[in-house]
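Me: I would like to learn how to read salt bridges in a model. Could you take me through them one pair at a time?

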Amino acid sequence: MTDKNLEMTPNKVVSFLHKKQEDFTKDDIIGFIRSNGIRMVNFMYPAEDGRVKTLNFIINSLEYLETILSQGERVDGSSLFPSFVEAGSSDLYVIPRFRTAFVDSFNEIPTLSMLCSFFDKDGEAFECDPYNAVLAAAESFRARTRTGSACS
């Protein structure tokens with residue numbers, strides 16, 4: 001099955017997998033990494049200062065790769081979001097969003113990058129995660145514009 005929208009994509013992951021980004025699975029990502037000699041995975045997120053920050057993970061085993069893609073990695077939230085997280089309750093888990101995967105062609109080490117989301121130790125979405133703030137804003141916008149004209 002050929003999707004004409006996928007034929008000329010600049011995203012190497014989309015091209016390799018022959019599927020839309022929203023359909024990427026953990027197994028797809030693992031297959032791409034194994035087939036393309038990827039040695040590092042980056043999880044990227046917008047930080048408090050508005051800049052994109054990166055958490056780098058060297059892939060040293062298939063088991064480790066499966067773990068970070070499934071369960072994420074524990075991070076110190078007080079160092080990533082110092083204005084929002086106190087040191088005593090700072091355990092967060094960073095989980096990749098597979099649909100955002102792309103090859104980082106500027107890195108010397110073959111690297112796959114993905115945007116990520118943050119969760120607390122109970123598996124609940126971290127309320128100060130910038131991604132969740134954008135989702136909440138989008139939902140609020142949709143709710144307000146459904147009830148009538150946006151221009152009234």
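**Reading the salt bridges**

Reply: Glu139 and Arg142 lie 3 residues apart in helix H6 (residues 130-146), so about one helical turn separates them; helices here are DSSP runs of H or I with at least four residues, numbered from the N terminus. The model is predicted, so local features need pLDDT of at least 70 and side-chain atom pairs count only at pLDDT 80 or more, while totals for chains, interfaces and linings use all residues. Residues are numbered from 1 along each chain as its sequence is written, and side-chain values use heavy atoms, with hydrogens and water left out.

Me: What do the side chains of Glu139 and Arg142 meet in?

Reply: Side chains of opposite charge can pair when their charged atoms come close. Here Glu139 and Arg142 meet in a salt bridge, at 3.3 Å from N to O, the term meaning a side-chain nitrogen of Lys or Arg within 4 Å of a carboxyl oxygen of Asp or Glu. Glu139 is partly exposed at 36% relative accessibility, and Arg142 is partly exposed as well, at 41%, where buried means under 20% relative accessible area, exposed over 50% and partly exposed in between (1.4 Å probe, protein chains only).

Me: How many salt bridges does this rule count?

Reply: The count comes to 4 salt bridges. Among them is the one between Lys19 and Asp28, whose closest N and O atoms are 2.6 Å apart.

Definitions and conventions:
Helices (H or I, at least four residues) and strands (E, at least two) are DSSP runs, numbered from the N terminus.
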